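Reader: I have a model open and want to go through some side chains. Can you take me through it?

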Amino acid sequence: RRRHTRLQGDWSSDVCSSDLTLPDAAKRVQISYTTSSFNGKATTVNGLMTLPKTPVPQGGYPVVSWGSGTTGFAAQCMPSQAVNATRDAYLNEWLKRGYVVLQTDYEGWGGSVGHRPLLDGKSNAAALTDIVTAAHRYSNQLSNEWIVVGHSEGGGAALWVAGLTQQAGGKYPLKGAIAIAPVGPGILKFMDNAVNGGVVHAQPFLSVTVLGANIVDPSIDLDKLLKAPMKPQVEAA
């Protein structure tokens, strides 16, 4: 409860599945922990802690907190359960090198909110940070030092973590942040094109983006915002 060597990879969108295979894992633990919601209130978030097979080094296992890219809204699309072969190979490499790998499911899956405030930087950053505290309460074999790594939505969250942690400090010092293809200013161009008839790549992301915005700001009226051809896609999402 709170308050409170670069690796290579070819990245693609996550595919929902119920299996997760990390060959160099010694143990996987599903955890739940308390973090801060987008509205500043406490909320419960689920995640996954994976321990390596390597012996515990002096000072404890180094820790990496992984921020997933967008996987969807459905329950089976939780980042800790969704499978992407390239991502899993990447995370397994951290295990092989002796890191404990933490994967948050972000706010909105299995917690008190029930919806994903997609792209909300503070909420995602809090989930990535607070899973570190939760992991330490499970195991006394972890180093206090940790790094945050994320891709796409998670890459943007990693940058938020770096900024907020630098300001706040804390018991567990953040030693570095790796942001892979982070979401950022490009989302403004993405939405501008959507509104003004420009080219929109990866159109399904429109649905989850407007749904996430509506959760954070209920004054956004989707019935007024969306034209008829777009409504079925949002309802399906």
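Author: Start with Tyr90 and Trp94: both are buried, meaning under 20% relative accessible area, with exposed over 50% and partly exposed in between (1.4 Å probe, protein chains only). This is a predicted model, where local features need pLDDT of at least 70, side-chain atom pairs count only at pLDDT 80 or more, and totals for chains, interfaces and linings use all residues. Residues are numbered from 1 along each chain as its sequence is written, and side-chain values use heavy atoms, with hydrogens and water left out.

Reader: How many aromatic pairs does the structure hold?

Author: Three. Rings of Phe, Tyr and Trp (its six-membered ring) pair if their centres lie within 6.5 Å; planes under 30 degrees apart count as stacked, over 60 as edge-to-face and the rest as tilted. Tyr90 and Trp94 are an edge-to-face pair, 6.2 Å centre to centre with 80 degrees between the planes.

Reader: What about Trp94 and Tyr99?

Author: Their ring centres are 4.8 Å apart and the planes are at 85 degrees, so that pair is edge-to-face.

Reader: Which residues form the aromatic cluster?

Author: Trp66, Tyr90, Trp94 and Tyr99.

Reader: New topic. Which residues make the contact between H4 and H5?

Author: Ile187, Phe190, Met191 and Ala194 from H4, with Phe205, Leu206, Thr209 and Val210 from H5; contact means heavy atoms within 4.5 Å.

Conventions
Helix = DSSP H or I, 4+ residues; strand = E, 2+ residues; numbered from the N terminus.
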